[in-house]
Amino acid sequence: MRILQIIPSISLVYGGPSQMVLGLSNALAKAGIEVTILTTNSNGDTGQPPLDVPLNCPVEQDGYQIRYFRCSPFRRYKFSLDLLQWLNENAKNYDLAHIHALFSPVCSVAATIARNQKLPYILRPLGTLDPADLQKKKFLKQIYAAFLEKPNLAGASAIHFTSLEEAKVSERFGVKTKDLVIPLGVNLPILEKSETEFANLPSPVILFMSRVDPKKGLDLLIPALQNLANSGIDFHFVLAGSNPQDPEYEAKIRSQISTALANKVTITGFVTGDRKVSLLQNADLFVLPSYYENFGIAVVEAMAAGTPVCISRGVYIWSDILAAEAGWVCDRTVESLTETLHLALQNPAEIQRRGLKAKELTMKNYSWQAIAQQTIQAYQNIISIPAQF
(Lines give C-alpha, C1' and ligand atoms only; values in the text may rest on other atoms or scores of the structure.)
Protein backbone atom coordinates (compact mmCIF):
# COMPACT_ATOMS: atom_id res chain seq x y z
CA MET A 1 0.00 0.00 0.00
CA ARG A 2 1.44 3.37 -1.08
CA ILE A 3 0.09 6.35 0.87
CA LEU A 4 0.57 10.10 0.50
CA GLN A 5 0.35 12.32 3.57
CA ILE A 6 -0.21 15.92 2.43
CA ILE A 7 0.16 18.81 4.88
CA PRO A 8 1.08 22.50 4.42
CA SER A 9 4.01 22.34 6.85
CA ILE A 10 5.61 20.10 9.47
CA SER A 11 7.57 22.92 11.10
CA LEU A 12 7.55 23.06 14.91
CA VAL A 13 6.17 26.60 14.56
CA TYR A 14 2.74 25.18 13.75
CA GLY A 15 2.53 22.90 16.78
CA GLY A 16 1.15 19.45 17.42
CA PRO A 17 -1.39 19.09 14.58
CA SER A 18 1.43 19.33 12.05
CA GLN A 19 3.93 17.28 14.01
CA MET A 20 1.50 14.36 14.42
CA VAL A 21 1.92 13.50 10.74
CA LEU A 22 5.50 12.46 11.53
CA GLY A 23 4.38 10.15 14.32
CA LEU A 24 1.66 8.62 12.16
CA SER A 25 4.01 8.12 9.22
CA ASN A 26 6.60 6.43 11.43
CA ALA A 27 4.00 4.07 12.89
CA LEU A 28 2.60 3.25 9.45
CA ALA A 29 6.10 2.59 8.10
CA LYS A 30 6.81 0.18 10.99
CA ALA A 31 3.64 -1.68 9.98
CA GLY A 32 4.93 -2.10 6.42
CA ILE A 33 3.14 0.79 4.70
CA GLU A 34 5.03 2.86 2.11
CA VAL A 35 4.50 6.50 3.14
CA THR A 36 5.48 9.75 1.42
CA ILE A 37 4.83 13.12 3.05
CA LEU A 38 4.30 16.07 0.72
CA THR A 39 4.82 19.41 2.45
CA THR A 40 6.40 22.84 2.06
CA ASN A 41 9.41 24.53 3.60
CA SER A 42 7.16 27.02 5.38
CA ASN A 43 8.40 28.03 8.82
CA GLY A 44 6.08 30.86 9.85
CA ASP A 45 5.14 34.11 8.20
CA THR A 46 6.48 36.77 10.58
CA GLY A 47 10.08 36.99 9.45
CA GLN A 48 11.42 33.50 10.13
CA PRO A 49 13.54 32.02 7.32
CA PRO A 50 12.07 28.96 5.59
CA LEU A 51 13.14 25.49 6.70
CA ASP A 52 16.66 24.62 5.60
CA VAL A 53 15.78 21.39 3.81
CA PRO A 54 16.42 19.79 0.40
CA LEU A 55 13.67 20.73 -2.04
CA ASN A 56 11.72 18.53 -4.44
CA CYS A 57 13.70 15.39 -3.70
CA PRO A 58 13.10 12.43 -1.40
CA VAL A 59 14.35 12.76 2.18
CA GLU A 60 14.44 9.44 4.03
CA GLN A 61 13.40 9.61 7.67
CA ASP A 62 12.33 6.91 10.17
CA GLY A 63 11.25 4.48 7.46
CA TYR A 64 9.20 6.94 5.41
CA GLN A 65 9.93 9.64 2.86
CA ILE A 66 9.43 13.39 2.94
CA ARG A 67 9.34 15.68 -0.09
CA TYR A 68 9.63 19.37 0.74
CA PHE A 69 8.61 22.01 -1.80
CA ARG A 70 9.33 25.72 -1.87
CA CYS A 71 6.54 28.03 -0.77
CA SER A 72 5.67 30.05 -3.84
CA PRO A 73 4.04 32.35 -4.75
CA PHE A 74 2.05 32.78 -1.51
CA ARG A 75 4.40 32.09 1.39
CA ARG A 76 1.95 33.43 3.98
CA TYR A 77 -0.58 30.76 3.05
CA LYS A 78 1.96 27.91 2.81
CA PHE A 79 1.21 27.50 -0.89
CA SER A 80 3.41 25.66 -3.39
CA LEU A 81 2.89 25.35 -7.12
CA ASP A 82 5.77 22.88 -7.27
CA LEU A 83 4.07 20.55 -4.79
CA LEU A 84 0.82 20.62 -6.75
CA GLN A 85 2.61 20.02 -10.05
CA TRP A 86 4.43 17.02 -8.56
CA LEU A 87 1.14 15.64 -7.21
CA ASN A 88 -0.56 16.05 -10.56
CA GLU A 89 2.23 14.11 -12.26
CA ASN A 90 2.60 11.36 -9.64
CA ALA A 91 -0.84 10.79 -8.09
CA LYS A 92 -1.35 7.71 -10.27
CA ASN A 93 1.51 5.98 -8.43
CA TYR A 94 -0.28 5.98 -5.05
CA ASP A 95 -3.27 4.21 -3.55
CA LEU A 96 -4.63 6.95 -1.30
CA ALA A 97 -3.94 10.51 -0.09
CA HIS A 98 -4.47 11.57 3.53
CA ILE A 99 -4.81 15.37 3.42
CA HIS A 100 -4.31 17.27 6.67
CA ALA A 101 -5.96 20.73 6.68
CA LEU A 102 -9.01 22.50 5.30
CA PHE A 103 -9.17 26.16 4.31
CA SER A 104 -5.54 25.80 3.23
CA PRO A 105 -5.02 26.64 -0.46
CA VAL A 106 -2.38 23.98 -1.10
CA CYS A 107 -4.55 21.27 0.49
CA SER A 108 -7.70 22.47 -1.23
CA VAL A 109 -6.07 22.28 -4.65
CA ALA A 110 -4.41 18.96 -3.72
CA ALA A 111 -7.86 17.48 -3.01
CA THR A 112 -9.10 18.76 -6.36
CA ILE A 113 -6.13 17.16 -8.13
CA ALA A 114 -6.70 13.87 -6.30
CA ARG A 115 -10.32 13.88 -7.39
CA ASN A 116 -9.41 14.59 -11.02
CA GLN A 117 -6.74 11.88 -10.93
CA LYS A 118 -9.20 9.41 -9.35
CA LEU A 119 -7.00 9.05 -6.28
CA PRO A 120 -9.10 8.32 -3.16
CA TYR A 121 -8.47 10.84 -0.38
CA ILE A 122 -9.26 11.43 3.28
CA LEU A 123 -9.57 14.96 4.70
CA ARG A 124 -8.53 15.80 8.27
CA PRO A 125 -9.96 19.25 9.13
CA LEU A 126 -7.75 20.00 12.19
CA GLY A 127 -10.70 21.63 13.97
CA THR A 128 -11.46 24.06 11.12
CA LEU A 129 -15.05 22.77 10.79
CA ASP A 130 -15.78 23.67 14.41
CA PRO A 131 -18.51 26.37 14.52
CA ALA A 132 -16.28 28.55 16.72
CA ASP A 133 -13.42 28.38 14.24
CA LEU A 134 -15.73 29.09 11.32
CA GLN A 135 -16.62 32.42 12.94
CA LYS A 136 -13.09 33.68 12.23
CA LYS A 137 -13.14 35.53 8.89
CA LYS A 138 -16.68 34.18 8.55
CA PHE A 139 -17.62 35.80 5.22
CA LEU A 140 -14.40 34.77 3.48
CA LYS A 141 -14.76 31.21 4.75
CA GLN A 142 -18.33 31.02 3.47
CA ILE A 143 -17.12 31.91 -0.02
CA TYR A 144 -14.11 29.59 0.24
CA ALA A 145 -16.29 26.72 1.41
CA ALA A 146 -18.83 27.19 -1.35
CA PHE A 147 -16.28 27.09 -4.16
CA LEU A 148 -13.61 24.76 -2.80
CA GLU A 149 -14.21 22.92 0.47
CA LYS A 150 -17.77 21.79 -0.14
CA PRO A 151 -16.81 19.96 -3.38
CA ASN A 152 -13.69 18.60 -1.66
CA LEU A 153 -15.72 17.24 1.25
CA ALA A 154 -18.27 15.75 -1.15
CA GLY A 155 -15.53 13.99 -3.10
CA ALA A 156 -13.62 12.68 -0.07
CA SER A 157 -13.73 9.01 0.86
CA ALA A 158 -13.95 10.06 4.51
CA ILE A 159 -13.47 12.96 6.91
CA HIS A 160 -10.94 12.15 9.61
CA PHE A 161 -12.01 13.49 13.00
CA THR A 162 -9.84 12.93 16.04
CA SER A 163 -12.65 12.70 18.60
CA LEU A 164 -16.34 11.87 18.67
CA GLU A 165 -17.10 15.36 19.95
CA GLU A 166 -15.28 16.94 17.00
CA ALA A 167 -17.34 14.84 14.61
CA LYS A 168 -20.52 15.76 16.49
CA VAL A 169 -20.07 19.54 16.36
CA SER A 170 -18.39 19.94 12.95
CA GLU A 171 -20.09 21.67 10.04
CA ARG A 172 -20.42 19.67 6.79
CA PHE A 173 -21.97 22.37 4.53
CA GLY A 174 -24.82 19.99 3.70
CA VAL A 175 -22.48 17.28 2.42
CA LYS A 176 -22.92 13.66 3.50
CA THR A 177 -19.45 12.09 3.70
CA LYS A 178 -18.39 9.17 5.86
CA ASP A 179 -16.95 10.07 9.28
CA LEU A 180 -13.74 8.41 10.34
CA VAL A 181 -12.97 8.90 14.05
CA ILE A 182 -9.37 8.00 14.86
CA PRO A 183 -7.49 9.81 17.65
CA LEU A 184 -3.94 11.10 17.45
CA GLY A 185 -1.08 9.35 19.16
CA VAL A 186 2.01 10.09 21.16
CA ASN A 187 5.34 8.42 21.68
CA LEU A 188 5.74 7.48 25.31
CA PRO A 189 8.58 9.48 26.91
CA ILE A 190 11.85 7.66 27.50
CA LEU A 191 13.55 10.16 29.82
CA GLU A 192 13.06 9.37 33.50
CA LYS A 193 12.97 12.06 36.18
CA SER A 194 16.44 13.37 36.82
CA GLU A 195 18.22 16.42 38.16
CA THR A 196 17.40 18.99 35.51
CA GLU A 197 16.56 22.66 35.55
CA PHE A 198 12.95 21.71 36.34
CA ALA A 199 13.60 19.17 39.09
CA ASN A 200 13.69 21.74 41.89
CA LEU A 201 10.65 23.83 41.04
CA PRO A 202 8.49 24.56 44.10
CA SER A 203 5.77 21.93 44.41
CA PRO A 204 3.01 21.52 43.38
CA VAL A 205 3.75 22.52 39.78
CA ILE A 206 0.88 23.50 37.47
CA LEU A 207 1.97 23.31 33.83
CA PHE A 208 0.52 24.98 30.74
CA MET A 209 2.35 23.68 27.66
CA SER A 210 0.73 24.68 24.41
CA ARG A 211 0.65 27.40 21.80
CA VAL A 212 0.05 30.79 23.44
CA ASP A 213 -3.17 31.57 21.60
CA PRO A 214 -6.52 33.17 22.57
CA LYS A 215 -8.42 29.91 21.99
CA LYS A 216 -6.39 28.17 24.72
CA GLY A 217 -8.30 29.89 27.53
CA LEU A 218 -5.44 31.80 29.12
CA ASP A 219 -7.89 34.60 29.89
CA LEU A 220 -9.64 32.07 32.16
CA LEU A 221 -6.48 30.55 33.57
CA ILE A 222 -4.70 33.70 34.74
CA PRO A 223 -7.55 34.97 36.98
CA ALA A 224 -8.19 31.41 38.21
CA LEU A 225 -4.55 31.14 39.31
CA GLN A 226 -4.84 34.58 40.94
CA ASN A 227 -7.86 33.32 42.88
CA LEU A 228 -5.86 30.33 44.11
CA ALA A 229 -2.96 32.52 45.17
CA ASN A 230 -5.29 34.94 46.97
CA SER A 231 -6.87 32.05 48.89
CA GLY A 232 -3.49 30.93 50.19
CA ILE A 233 -3.05 27.83 48.00
CA ASP A 234 0.62 27.02 47.39
CA PHE A 235 1.63 26.22 43.81
CA HIS A 236 4.12 27.17 41.12
CA PHE A 237 2.91 27.86 37.58
CA VAL A 238 4.98 27.13 34.47
CA LEU A 239 4.05 28.67 31.13
CA ALA A 240 5.74 26.66 28.38
CA GLY A 241 4.93 27.69 24.84
CA SER A 242 5.16 30.50 22.35
CA ASN A 243 3.37 31.96 19.35
CA PRO A 244 5.75 33.23 16.66
CA GLN A 245 2.67 33.85 14.50
CA ASP A 246 1.36 36.40 17.02
CA PRO A 247 4.27 37.70 19.14
CA GLU A 248 2.21 40.66 20.41
CA TYR A 249 -0.33 38.37 22.04
CA GLU A 250 2.43 36.23 23.52
CA ALA A 251 4.13 39.31 25.00
CA LYS A 252 0.82 40.48 26.45
CA ILE A 253 0.21 37.12 28.17
CA ARG A 254 3.75 36.96 29.53
CA SER A 255 3.33 40.42 31.03
CA GLN A 256 -0.05 39.61 32.58
CA ILE A 257 1.21 36.39 34.15
CA SER A 258 4.40 37.97 35.49
CA THR A 259 2.35 40.72 37.11
CA ALA A 260 -0.46 38.52 38.41
CA LEU A 261 1.65 35.72 39.89
CA ALA A 262 4.95 37.46 40.71
CA ASN A 263 7.17 34.86 42.43
CA LYS A 264 4.86 31.93 41.59
CA VAL A 265 5.69 31.64 37.87
CA THR A 266 8.36 30.34 35.52
CA ILE A 267 8.13 31.22 31.82
CA THR A 268 10.21 28.89 29.67
CA GLY A 269 9.15 29.73 26.13
CA PHE A 270 8.94 26.91 23.61
CA VAL A 271 10.50 23.64 24.84
CA THR A 272 11.46 20.51 22.93
CA GLY A 273 13.28 17.21 23.39
CA ASP A 274 14.54 16.23 26.82
CA ARG A 275 13.60 19.62 28.31
CA LYS A 276 10.00 19.06 27.27
CA VAL A 277 9.86 15.50 28.62
CA SER A 278 11.54 16.57 31.87
CA LEU A 279 9.07 19.40 32.36
CA LEU A 280 6.09 17.11 31.72
CA GLN A 281 7.42 14.54 34.18
CA ASN A 282 8.20 17.08 36.89
CA ALA A 283 4.78 18.74 36.70
CA ASP A 284 2.12 17.73 39.21
CA LEU A 285 -0.84 18.89 37.14
CA PHE A 286 -1.23 19.85 33.47
CA VAL A 287 -3.86 22.49 32.64
CA LEU A 288 -5.52 23.40 29.33
CA PRO A 289 -8.83 25.31 29.61
CA SER A 290 -9.32 25.75 25.83
CA TYR A 291 -12.52 27.21 24.41
CA TYR A 292 -12.40 24.55 21.69
CA GLU A 293 -9.81 21.93 20.87
CA ASN A 294 -10.59 19.11 18.45
CA PHE A 295 -8.13 16.80 20.22
CA GLY A 296 -5.42 18.37 22.38
CA ILE A 297 -2.16 16.55 21.63
CA ALA A 298 -0.37 18.32 24.50
CA VAL A 299 -2.93 16.85 26.92
CA VAL A 300 -2.10 13.32 25.78
CA GLU A 301 1.64 14.05 25.96
CA ALA A 302 1.19 15.08 29.59
CA MET A 303 -0.77 11.91 30.37
CA ALA A 304 1.90 9.81 28.69
CA ALA A 305 4.37 11.26 31.17
CA GLY A 306 2.13 10.19 34.07
CA THR A 307 0.84 13.70 34.76
CA PRO A 308 -2.92 14.09 35.39
CA VAL A 309 -4.70 16.87 33.54
CA CYS A 310 -7.20 19.60 34.27
CA ILE A 311 -9.01 20.51 31.07
CA SER A 312 -12.18 22.26 29.98
CA ARG A 313 -15.07 20.68 28.14
CA GLY A 314 -13.76 22.56 25.13
CA VAL A 315 -11.03 19.92 24.83
CA TYR A 316 -12.99 17.31 22.94
CA ILE A 317 -11.43 14.22 24.56
CA TRP A 318 -12.72 15.37 27.96
CA SER A 319 -15.25 12.53 28.26
CA ASP A 320 -12.52 9.90 27.83
CA ILE A 321 -10.44 11.55 30.54
CA LEU A 322 -13.42 11.80 32.88
CA ALA A 323 -14.38 8.16 32.33
CA ALA A 324 -10.81 6.97 32.94
CA GLU A 325 -10.35 9.22 35.99
CA ALA A 326 -7.18 10.51 34.31
CA GLY A 327 -7.70 14.05 35.51
CA TRP A 328 -10.30 16.73 36.15
CA VAL A 329 -12.76 18.44 33.81
CA CYS A 330 -14.24 21.92 34.24
CA ASP A 331 -16.56 24.33 32.47
CA ARG A 332 -15.19 27.22 30.45
CA THR A 333 -15.53 29.78 33.23
CA VAL A 334 -13.08 31.31 35.70
CA GLU A 335 -15.21 30.10 38.62
CA SER A 336 -15.33 26.47 37.47
CA LEU A 337 -11.62 26.40 36.64
CA THR A 338 -10.72 27.91 40.02
CA GLU A 339 -12.86 25.39 41.88
CA THR A 340 -11.49 22.43 39.90
CA LEU A 341 -7.85 23.43 40.35
CA HIS A 342 -8.48 23.97 44.06
CA LEU A 343 -10.04 20.51 44.35
CA ALA A 344 -7.11 18.85 42.59
CA LEU A 345 -4.38 20.64 44.52
CA GLN A 346 -5.92 19.84 47.90
CA ASN A 347 -5.38 16.11 47.42
CA PRO A 348 -1.80 15.07 46.49
CA ALA A 349 -2.66 11.37 46.79
CA GLU A 350 -5.46 11.79 44.25
CA ILE A 351 -3.08 13.62 41.88
CA GLN A 352 -0.77 10.63 42.04
CA ARG A 353 -3.59 8.12 41.50
CA ARG A 354 -5.00 9.99 38.52
CA GLY A 355 -1.51 10.34 37.07
CA LEU A 356 -1.23 6.55 36.97
CA LYS A 357 -4.69 6.36 35.38
CA ALA A 358 -3.61 8.95 32.80
CA LYS A 359 -0.62 6.86 31.76
CA GLU A 360 -2.79 3.73 31.51
CA LEU A 361 -5.29 5.57 29.30
CA THR A 362 -2.55 6.80 26.99
CA MET A 363 -0.98 3.38 26.58
CA LYS A 364 -4.37 1.85 25.81
CA ASN A 365 -5.96 4.47 23.54
CA TYR A 366 -3.27 6.79 22.24
CA SER A 367 -0.23 4.69 21.35
CA TRP A 368 0.90 5.12 17.76
CA GLN A 369 0.96 1.37 17.26
CA ALA A 370 -2.75 1.04 18.04
CA ILE A 371 -3.65 4.10 15.98
CA ALA A 372 -1.61 2.87 13.01
CA GLN A 373 -3.62 -0.34 12.97
CA GLN A 374 -6.91 1.59 13.00
CA THR A 375 -5.66 3.83 10.22
CA ILE A 376 -4.44 0.95 8.05
CA GLN A 377 -7.81 -0.77 8.39
CA ALA A 378 -9.54 2.45 7.29
CA TYR A 379 -7.17 2.80 4.32
CA GLN A 380 -7.79 -0.81 3.26
CA ASN A 381 -11.57 -0.39 3.48
CA ILE A 382 -11.45 2.71 1.30
CA ILE A 383 -9.05 1.28 -1.28
CA SER A 384 -11.12 -1.90 -1.63
CA ILE A 385 -14.19 0.10 -2.67
CA PRO A 386 -14.24 1.27 -6.31
CA ALA A 387 -13.97 5.07 -6.39
CA GLN A 388 -17.02 7.02 -7.44
CA PHE A 389 -15.95 10.28 -9.11
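**Figure 1. Pairing of strands β2 and β4.** Over 5 bridges, strand β2 (residues 34-40) runs parallel to its partner, strand β4 (residues 64-69). This view, like those that follow, shows a predicted model. One point of pairing is at I37, whose bridge partner in β4 is I66. In general, the strands of a sheet are joined by backbone hydrogen bonds, in either a parallel or an antiparallel sense.

**Figure 2. The open sheet of 8 strands.** The strands are arranged in the order β3-β4-β2-β1-β5-β6-β7-β8, with mixed pairing. The edges are formed by β3 (58-61) and β8 (179-181); each has a single partner strand, and therefore one side of each lacks a neighbour in the sheet. From one strand to the next, the twist averages 25°.

**Figure 3. Surroundings of N41.** Residue N41 is located in the loop that lies between β2 and β3. Its relative accessible area is 6%, under the 20% limit, and N41 is therefore classed as buried. Leaving aside residues up to four places away in sequence, N41 touches P50, L51, V53, L55, F69, R70 and C71.

**Figure 4. The enclosed helix α10.** Of the 8 residues in helix α10 (residues 297-304), 7 are buried, so the helix is largely enclosed by the rest of the structure. The buried residues are I297, A298, V299, V300, A302, M303 and A304. Just after α10 comes G306, which adopts a positive phi of about 85°.

Key. Residues are numbered from 1 along each chain as its sequence is written. This is a predicted model: local features need pLDDT of at least 70, side-chain atom pairs count only at pLDDT 80 or more; totals for chains, interfaces and linings use all residues. Side-chain values use heavy atoms; hydrogens and water are left out. Two strands pair if DSSP finds at least two bridges between them. Helices (H or I, at least four residues) and strands (E, at least two) are DSSP runs, numbered from the N terminus. Axes are lines fitted to C-alpha atoms, for helices over the stretch in contact, and angles run from 0 to 180 degrees between N-to-C directions. Buried means under 20% relative accessible area, exposed over 50%, partly exposed in between (1.4 Å probe, protein chains only). Contact means heavy atoms within 4.5 Å.
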